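Biologist: I have the model open and a few things to ask. Can we go through it piece by piece?
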Amino acid sequence: MGSFRGAPLVQLTLARLREYGREREMVFWTFFFPVLMALGLGIAFGGEGAERIAIGIEAGSGAQALAAELRSAPRLDVRVVEAAVGRDALRHGDIALMIVPGDTGVTYRYDPTRPESRLARLEADDALQRAAGREDATLTADDPVTERGSRYIDFLIPGLIGLNLLSTGLWGVGYALVQMRTGKLLKRLAATPMRRSDFLLSFILARLVFLVGELTVLLGFARLFFHVTSRGSLGAVAVISVLGAFTFTGLGLLVASRSRTMEGVAGLMNVASIPMWILSGVFFSADHFPDVVQPFIRALPLTAVVDALRAVMIDGASLLATAGPLAILTAWGAASFAGALAVFRWQ
């Protein structure tokens, strides 16, 4: 029996690590792209003050007086514009609401399917009614919630971790495997006594090694710049991430096991990943989708990863409390790796 250092699986894993380290694009997408995305979205949605909503008032008689009344609303960014300019701005999303003054009142022109437009309509109408002398029957007060764990950035970071696990596991491994096949390297490896299981497992082990640095960079950045912390155990976060990395790497191996071209594997990976990008609640809650598709959404591996990470990081849940999502991940990971092992061909 050979020494541990010479074990095929160890040497194959080290080879995968060297390959990943030499690919600058892989290093960028694994470590730096999630940080840049967190920075951009954190700045856009993590401000301390309330975001101002741009609205337009059609120029004409009474427009300036109307603008003066609306500027009392702190959340509105009021602009007086010509009618044609306002229509273009509303169509392009530069303003959320267009107000047309009339002889006896005003007309609100907006898209009711846009939450921002509905909010702008409510804010503008409230300001105008108050300016006209309306008195509220009930006294109200605002109590803004700004504690850590309730902000959008706290909701976003677990989603970005899950998204990065999906992207690096599926795309990184899938492309690497097909590149080896198109470069005739797999054909040469087929002549060796190497076992398919060792070869495929080396991709998973190498991915898990990179996961340590990936999590450290993203969680460290989120804590340093946005003060994002985990209410639950970091050990639980690590376990969920490891299981997610195993699952998505298994998916990457499965879709690339028979693919012969980069175009072919890219199509398969898009089919596998795009539904999860849209449905799994990375950037907004998956509960927005109809009830009829909720069982399908909850069965997706990215949904399971994101739900489990948010339960631990935001709610402080224990690892045992995330048993449901973890079971879904385990099933996906085992089935994907078993499927890849069954259908993989060297040529």
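Biologist: Is Phe-284 buried, exposed or partly exposed?
Modeller: Phe-284 is partly exposed, because its relative accessible area is 39%. Buried means under 20% relative accessible area, exposed means over 50%, and partly exposed is in between, with a 1.4 Å probe and protein chains only. This is a predicted model, where local features need pLDDT of at least 70 and side-chain atom pairs count only at pLDDT 80 or more, while totals for chains, interfaces and linings use all residues. Residues are numbered from 1 along each chain as its sequence is written, and side-chain values use heavy atoms, with hydrogens and water left out.

Biologist: How many aromatic pairs does the structure hold?
Modeller: Seven aromatic pairs. One of them joins Phe-284 and Phe-289, and that pair is tilted, at 6.1 Å centre to centre with 40° between the planes. Rings of Phe, Tyr and Trp (its six-membered ring) pair if their centres lie within 6.5 Å; planes under 30 degrees apart count as stacked, over 60 as edge-to-face and the rest as tilted.

Biologist: Which residues form an aromatic cluster?
Modeller: Phe-199, Phe-203 and Phe-344 form one.

Biologist: Back to Phe-289. What is Ile-297 in contact with?
Modeller: Apart from neighbours within four places in sequence, Ile-297 is in contact with Phe-289, and also with Leu-279, Ala-286 and Thr-303. Contact means heavy atoms within 4.5 Å. Ile-297 sits in helix α11, residues 294-298. Helices (H or I, at least four residues) and strands (E, at least two) are DSSP runs, numbered from the N terminus.

Biologist: Why does Ile-297 count as buried?
Modeller: Because its relative accessibility is 0%.

Biologist: Where does Ser-273 lie, and what does it touch?
Modeller: Ser-273 belongs to helix α10, residues 262-279. Not counting residues up to four places away in sequence, Ser-273 touches Leu-166, Leu-170 and Trp-171. Ser-273 counts as buried because its relative accessibility is 2%.

Biologist: And Ser-197, buried or exposed, or something in between?
Modeller: Ser-197 counts as partly exposed, at 25% relative accessibility. Helix α8, residues 196-226, contains Ser-197. Leaving aside neighbours within four places in sequence, Ser-197 is in contact with Phe-337 and Leu-341. Its C-alpha is 23 Å from that of Ala-327, which is 130 residues away along the chain.

Biologist: What about phi of His-227?
Modeller: Phi of His-227 is near 60°, also a positive value in a residue other than glycine. His-227 is in the loop between α8 and α9 (234-256). With a relative accessible area of 40%, His-227 is partly exposed.

Biologist: Now the strands. Where is Leu-97 found, and what does it touch?
Modeller: Leu-97 is found in strand β3, residues 97-101. Not counting residues up to four places away in sequence, its contacts include Ala-54, Ile-55, Gly-56, Tyr-108 and Ala-124. Leu-97 counts as buried because its relative accessibility is 0%.

Biologist: Why is Arg-24 exposed?
Modeller: Because its relative accessible area is 73%. Arg-24 is in helix α2, residues 24-45. Its C-alpha is separated by 17 Å from that of Met-180, which is 156 residues apart along the chain.

Biologist: Zooming out, how many helices and strands are there?
Modeller: The protein has 13 helices and four strands. Of the 347 residues, 41% count as buried.

Biologist: What does the C-alpha trace span?
Modeller: About 90 × 40 × 40 Å along the principal axes. The radius of gyration is 26 Å, whereas a compact globule of 347 residues would have one near 20 Å. That radius is taken over C-alpha atoms, and the globule rule is 2.2 Å times the number of residues to the power 0.38.
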